[in-house]
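Dear colleague,

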Amino acid sequence: MVQLGLIGLGKMGFNMRERLRAAGHEVVGYDRNPDVSDTTSLEDLVSKLDAPRIVWIMVPAGDPTRQTVTELSNLLAEGDMVIDGGNSKYTDDRLNADLLAAKNIGYVDCGVSGGVWGKENGYGLMVGGTAADVEKAMPIFDALRPEGPREEGFSHAGEVGAGHYAKMIHNGIEYGMMQAFAEGFELLEAAKVVKDVPAVIKGWQRGTVVRSWLLDLLVRALDEDPELDDLEGYVEDSGEGRWTLEEAINNAVPAPVISAALFARFASRQEHSAAMRAVAALRNQFGGHAVKKAGG
């Protein structure tokens with residue numbers, strides 16, 4: 001049994017606590033929501049852990065994570081370790097690691113994939129850090145990852161920052177896959193020859209080269225709403241797609257699929273696109289093509 005402090009008990013963190021406890025580990029959780037929290041503060045959480053402590057952070061990336069790491073640096077002691085399991089940008093990891101290293105506190109960054117289904121199916125984990133720190137936390141990683149060979153659900157990607165870098169690229173790929181399924185769905189909907197779109201997509205779940213968990217989730221969504229009429233076509237992005245494209249530019253790696261998927265998300269947020277109005281105006285000017293007047 002391993003003892004763990006877990007900060008952030010939202011959709012992911014709460015389920016991770018439950019999976020870890022089911023595996024026999026002791027988890028002491030902290031969240032600003034007192035209804036789910038086991039402790040009243042970070043200081044209270046640290047006081048309930050036996051040294052050497054391991055504390056896992058599952059809070060939003062950016063300032064919330066950096067502030068949490070800073071606060072922990074003043075509460076933890078030499079030999080303790082912090083794991084950042086959120087979606088931090090990999091460049092933040094070195095800053096966090098250096099801050100903690102000044103007090104001989106270890107640091108591991110962990111990219112976590114699995115969403116709300118991870119409690120049942122396990123989480124895909126990509127970690128960065130020293131071999132010694134990763135080994136120290138391995139019982140936790142083994143409890144969280146899917147059943148089966150460790151190498152099929154867990155990877156030690158490299159030194160500090162490598163775990164979040166791997167997760168960033170993973171999410172960039174995810175953008176492209178989701179967009180491809182979305183465009184295929186729209187084409188099937190638009191085609192008069194196809195009479196049962198949900199049946200076609202469900203028929204791809206076995207024996208085809210596009211079968212995947214994302215496809216299974218699309219089938220599930222269509223079972224609930226066959227034409228997806230209950231949803232607005234508005235899609236946010238959480239940052240990893242943008243960071244992936246930054247890395248593509250920095251390394252001169254062409255990434256047209258991921259870039260198109262990200263830009264498609266931007267387009268989804270434009271109720272009245274100035275760019276599309278310009279395209280319509282140009283088509284009308286050079287070719288006399290019909291246009292739709294605003295408000296008409």
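Arg 150 is partly exposed because its relative accessible area is 35%, and Asp 142 counts as partly exposed at 26% (buried means under 20% relative accessible area, exposed over 50%, and partly exposed in between, with a 1.4 Å probe and protein chains only).

Please bear in mind that this is a predicted model, in which local features need pLDDT of at least 70 and side-chain atom pairs count only at pLDDT 80 or more, whereas totals for chains, interfaces and linings use all residues. Residues are numbered from 1 along each chain as its sequence is written, and side-chain values use heavy atoms, with hydrogens and water left out.

By the rule given above, the count comes to 16 salt bridges. Another of them joins Asp 80 to Arg 53, whose closest N and O atoms are 2.7 Å apart. Asp 80 lies in the loop between helix H3 (63-73) and strand E4 (81-84), and Arg 53 in the loop between helix H2 (42-47) and strand E3 (54-57), so the pair ties together parts that are 27 residues apart in sequence; helices (H or I, at least four residues) and strands (E, at least two) are DSSP runs, numbered from the N terminus. Both Asp 80 and Arg 53 are buried.

Arg 220 and Glu 224 also meet through their side chains in a salt bridge, at 3.7 Å from N to O. These two residues are 4 apart in helix H10 (residues 213-224), and therefore separated by about one helical turn. Arg 220 is partly exposed, at 41% relative accessible area, while Glu 224 is exposed, at 59%. Elsewhere, salt bridges that share partners join Arg 17, Glu 18, Arg 21 and Asp 38 into one network.

Turning to a residue of another kind, Asn 96 is placed in helix H4 (residues 90-101) and counts as buried, at 4% relative accessibility. If neighbours within four places in sequence are left aside, Asn 96 is in contact (heavy atoms within 4.5 Å) with Thr 65, Arg 66, Val 69 and Tyr 107.

Finally, Glu 189 lies in helix H8 (residues 162-190) and counts as partly exposed, at 36% relative accessibility.

How values were computed
A salt bridge is a side-chain nitrogen of Lys or Arg within 4 Å of a carboxyl oxygen of Asp or Glu.
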